[in-house]
Amino acid sequence: MQKKLDKKKDGNFKETNEKGNRKKIILRTINVVIVVGFGIFLLYYLLNQVEIGDIKNAFLNIYKPSLIIGLVFMFSVDFFRAYRTKI
């Protein structure tokens, strides 16, 4: 995708492009910092409310037949999709 640059009266459009790039980099950095910071905060907040033993019991008490049926269904869908596209 090409950028359309407006040429100023003095013929200096490189400076405006550099300012635009700096602005994009600054905004993108702020966005990444906010998203990552919020994600870390949510993980910390949510994991402090759950004990490790509860997570262990949740994985150990999974109803195995439903898990097996779900996995078989998931892999069969992938297999038939690959077969249809003849990979």
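Helices here are DSSP runs of H or I with at least four residues, strands are runs of E with at least two, and both are numbered from the N terminus. With that in hand, let's walk through the chain. What you see is a predicted model, where local features need pLDDT of at least 70, side-chain atom pairs count only at pLDDT 80 or more, and totals for chains, interfaces and linings use all residues. Residues are numbered from 1 along each chain as its sequence is written, and side-chain values use heavy atoms, with hydrogens and water left out.

The overall layout is quick to describe. The protein chain has three helices and zero strands, giving the pattern α-α-α along the sequence. How far can you trust it? The chain averages 84, and 79% of the residues score at least 70. Among the elements, helix 3 has the highest mean pLDDT (92) and helix 1 the lowest (88). Where pLDDT is low, the predicted coordinates should not be read in detail.

A residue is buried under 20% relative accessible area, exposed over 50%, and partly exposed in between (1.4 Å probe, protein chains only). By that rule, buried residues make up 0% of the 87 residues. The chain exposes about 8,900 Å², and carbon and sulfur atoms supply 67% of that area. Such areas come from the Shrake-Rupley method with a 1.4 Å probe, and for residues only the protein chains shown count as cover.

Part of that surface is a nonpolar patch of about 1,100 Å² of accessible area together, including Leu43, Ile52, Phe59 and Met74. Patches take residues with over 30% relative accessible area and no salt bridge; nonpolar side chains (Val, Leu, Ile, Met, Phe, Trp, Tyr) are joined within 5 Å, like charges within 9 Å. Helix 1 (14-48), helix 2 (52-60) and helix 3 (64-85) each supply at least two residues of the patch, and helix 3 gives the most, with four. One member to look up is isoleucine 52, which lies in helix 2. Isoleucine 52 counts as exposed because its relative accessibility is 67%.

Next, the aromatic rings. A pair of aromatic rings is described by the distance of the centres and the angle of the planes. Rings of Phe, Tyr and Trp (its six-membered ring) pair if their centres lie within 6.5 Å; planes under 30 degrees apart are stacked, over 60 edge-to-face, and the rest tilted. The whole structure has three aromatic pairs. In one of them, phenylalanine 41 and tyrosine 45 have ring centres 6.0 Å apart and planes at 20°, so the pair is stacked. Both residues lie in helix 1, four residues apart, about one turn of the helix. Another pair joins phenylalanine 79 and phenylalanine 80, with centres 5.4 Å apart and planes at 65°, so this pair is edge-to-face. Both of these phenylalanines are exposed, and Phe79, Phe80 and Tyr83 form one aromatic cluster.

Aspartate 78 is partly exposed at 39% relative accessibility, and arginine 81 is partly exposed at 46%.

Technical notes
Salt bridge = Lys/Arg side-chain N within 4 Å of Asp/Glu carboxyl O. pLDDT = per-residue confidence, 0-100.
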